[in-house]
Amino acid sequence: MAKKSNYLKSPDLLPIGQSERNIGTFGFAVIWVGMAIVLAAFAIGGSAIQSLPLWLVIVATLLGSIGIGGFMVIIGDIGVEHGLSFPVYMRAPFGTIGTHIPSIVRGVTAACWFGINTYFGASAINGILHLLVGFDNWFLCFLLFAAVQLLNTALGIKSIERFADLAAPIIILISCWMYIALSDQAAEAGKDIWSWVESPATGGAAFTAFMIIVMANMGFWGTLAADMPSLSRFFKAPAYERNWFKRNKTQLVGSLIVMPIFNTFMVTIGAISYMAVSSADPIAALQQTASGFILGILLLMIVLAQWSTNTSANVIPAATIFSNVGGPKVPFWVGVIVAGIIGILAQPWSLFDVLNTALLIIGAILSSIVGILFADYYLLRKRRVNVAELYEMNGQYRYHKGFNWAGMIAWIGGGLIANLFPAYSSLVGFVAGALFYYVLAKYWWFKKYPQAEMEEPRDEKYLGITVGRDWHIATDEEAYMAPEIAHSPAMEAKEN
């Protein structure tokens, strides 16, 4: 009788070994240059400048960017240390079945962002074609642009890095041009970009507006902070390095230096765009400030930026999540297609007007997950993980019928509380999620379901790259074809 297939051991979700990690510090920095240029950044800037001067908008954006960048690095260590993706590690705080619920929320959110950015890029493509040959069909451009991005992502992480290498310098140069051109147009209209405000907020209202900008930035990038392990597991890192900062150098440079700088620059351009043409939509702004060949080149930047962002920040996380839900029968490339279909069906052309409100809600929901991951990985397990059990259907992380109710309750409770304080949603969600989970897990759930790495906290048994280990998970085929090899002393030594 054939052995029942273990749906947790999808090949695309197995741990990434050190030899398979091919993104270095410069590579991740380049990826961030492309990821930072997104519709949300322009929208935040255009909304913010209506109540606060540009210098305060910049300060708020930097604070929000550095704050969420810190969350990214902290959670990203899961991928660096153990080579695990977000949905796989989520089996620890949520259970082998429970992981699917918050993961799908994140996956659908990422897919919707894919749709929004694709629509944004397709509008630019349509503008280029209209300029060159008089063609005007944005929906056809949308479908074709979506297909090209999905193909690029399905080809793997290395093809994405190569594309980012090509796009980044072009994006930087054209972004600088946009800043100069829009600043000049605002000045011609008699507006000082550093002091002009449409409807200045004062007193407590000004502080609330400031915090909304901070939280909006954190809310948008909170989607990536939650599942940074899906990307960071491909980062190069030194084996046997016990210094957390040295081990996470690639993340630190990318998420705490490069991202805040470029994200703030894009928010600034969105604010100046609103000053210049009363719209935060850079495509509309460009069409009013440039023409001919220059306009075509500037619109090309918009296309490259959305492409670079979508592949790294949206399609990879979504596809990884959908592959985890579907098991071995849903390989990564199928997950890519599912993400694309959801992004198209979301009708992203109708979502722009509610973007900032959505960012605060999303930030609350996802920051609670980030807090739970932090409490589970750092405070309770002390970075030690019984990785082999993450891939066992009836193992340590099955808990009660596949659910860790400490995680589920903490997520719901943290998200609800965070949404009561929209101006501070990301911070409240993180703290509430972490606190609820820590108390529930330590003093209730893990009393019922003891965790091996907490009961016997041995570095050499439960750490990954810090002790030079590549986690090897025997697939069903390996176990069936060669059980004597899979359980040989040599294999035991490798796994332990």
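Cys-141 counts as buried, because its relative accessibility is 5%; buried means under 20% relative accessible area, exposed over 50% and partly exposed in between (1.4 Å probe, protein chains only). Cys-176 falls in the partly exposed class, at 35%. The disulfide count is 0, where a disulfide is a pair of cysteine sulfur atoms within 2.5 Å.

The model is predicted: local features need pLDDT of at least 70, side-chain atom pairs count only at pLDDT 80 or more, and totals for chains, interfaces and linings use all residues. Residues are numbered from 1 along each chain as its sequence is written, and side-chain values use heavy atoms, without hydrogens and water.

Now turn to helix α6. α6 (residues 100-133) packs against helix α9 (residues 203-226) at about 120°, with the axes 10 Å apart. Helices are DSSP runs (H or I, at least four residues), numbered from the N terminus. Axes are lines fitted to C-alpha atoms over the stretch in contact, and angles run from 0 to 180 degrees between N-to-C directions. On the α6 side, Arg-106, Thr-109 and Trp-113 make the contact. Phe-220, Thr-223 and Leu-224 contribute from α9. Contact means heavy atoms within 4.5 Å. These residues divide into 3 nonpolar, 2 polar and 1 charged.

Helix α15 (residues 332-345) also meets α6. Their axes come within 7 Å and cross at roughly 65°. Val-108, Ala-111, Phe-114 and Gly-115 of α6 face Ala-339, Gly-340, Ile-342 and Gly-343 of α15 in this contact. Ala, Val, Leu, Ile, Met, Phe, Trp, Tyr, Cys and Pro count as nonpolar, Asp, Glu, Lys and Arg as charged, and the others, Gly among them, as polar.

Methods:
Helix = DSSP H or I, 4+ residues; strand = E, 2+ residues; numbered from the N terminus.
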